[in-house]
Amino acid sequence: MGTTANNSVDGPPVRLDIADGVAVITLDRPDRLNVFSGGMGVALGEAYARCDADDSVRAVVLTGAGRAFCAGADIAPSSGSFDAPRSPGEFTASPVSPPAFRVRKAVIAAVNGHAIGIGLTIALECDIRYVATDAKLAVPQVRRGMVPDARSHWTLARATSQAVAADILLTGRTFLGTEAVALGVASRALPADEVLPAALETARDIAANVNPLSSALSKRLLWLDEAGTGDRVEELETAYHRLLMGTPDAKEGPRAWMERRTPDWTSRVSEQWDRVLETERDGRK
């Protein structure tokens with residue numbers, strides 16, 4: 001299954017392909033190194049929303065067409081990227097809605113080439129990042145008279161540390177994929193032509209072997225941003241265990257492992273999510 005979304009006459013397209021439980025979202029304007037525009041942000045958010053709602057999708061891979069992942073915003077003077085907004089509601093620093101961390105499936109960024117500015121900050125919203133060894137990475141907004149975007153002051157510090165986030169965000173310096181792994185920004189650095197295949201291999205493994213509801217609940221805990229997270233995480237881990245205990249999938253997982261076969265999961269996240277939210281509300285009483 002393949003679709004192309006393009007919500008702006010001048011915006012680069014976003015392509016969505018779904019097969020065997022894995023969705024591949026491609027930033028698809030290779031002639032411009034997949035530069036980011038408002039149209040791309042809208043289209044990417046729509047692709048994420050489709051993946052979130054589709055129970056046949058069990059893992060998502062985000063990548064770029066051609067030799068770059070995303071070279072950042074179009075900063076040509078004619079682009080108007082940094083023009084003052086005409087009204088307060090016209091601009092948001094987080095133009096992808098929902099962001100990757102709100103998708104109830106694992107989202108893997110296959111950073112196959114350069115990721116600059118918002119090209120890197122949208123990858124930071126993903127759960128897992130594989131990067132090309134020689135890819136140039138940077139969040140250079142402070143060198144362009146702006147500030148970093150897409151919640152990167154939060155996502156980068158969560159993925160690494162306050163010190164690493166300060167190093168990257170306050171200097172705006174450029175670093176390579178190999179250093180990204182050393183800093184904790186990415187999980188793996190690979191030759192450029194191996195990045196997408198590696199991400200797809202991981203996504204297919206998740207799609208086949210990971211219970212969809214378990215994955216959604218674990219991801220929800222990983223991205224929890226409430227105050228007092230330690231106590232709240234313990235509370236929710238207990239609630240989610242109780243939610244899963246005794247279910248067909250809680251029996252299927254161990255049985256499939258013992259029988260050395262692929263599990264046949266029956267949970268449907270979209271159908272069971274109201275019960276998840278109800279369980280969370282009850283846990284606060």
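Predicted model: local features only at pLDDT ≥ 70, side-chain atom pairs only at ≥ 80, totals over all residues.
Strand 3 covers residues 22-27, and six of its six residues are buried, so the strand is largely enclosed by the rest of the structure. In a regular strand the side chains alternate between the two faces of the sheet. Here both faces are covered: one side carries Val22, Val24 and Thr26, the other Ala23, Ile25 and Leu27, and all of these residues are buried.

Strand 3 pairs with strand 2 and with strand 4, as the table sets out.

| Partner of strand 3 | Sense | Bridges | Residues facing each other |
|---|---|---|---|
| Strand 2 (residues 14-19) | antiparallel | six | Asp17 and Val24 |
| Strand 4 (residues 59-64) | parallel | six | Ile25 and Leu62 |

Strands 2 and 3 form a hairpin with two residues between them. Within this turn, Asp20 has a positive phi of about 55°. The link from strand 3 to strand 4 passes through helix 1 (residues 38-53), and this β-α-β crossover is right-handed.

**Leu33 in the loop**

Leu33 lies in the loop between strand 3 and helix 1. Its relative accessibility is 25%, so Leu33 counts as partly exposed, given that buried means under 20% and exposed over 50%. When residues up to four places away in sequence are not counted, Leu33 touches Arg67, Ala68, Cys70 and Ala71. The C-alpha atoms of Leu33 and Phe69 are separated by 7.2 Å, although these residues are 36 residues apart along the chain.

Notes:
Residues numbered from 1 in each chain as written. Heavy atoms only, no water. Buried < 20%, exposed > 50% of the residue type's maximum accessible area, 1.4 Å probe, protein only. Helix = DSSP H or I, 4+ residues; strand = E, 2+ residues; numbered from the N terminus. Pairing = 2+ DSSP bridges. Right-handed = clockwise from strand over helix to strand, strands pointing away. Contact = heavy atoms within 4.5 Å.
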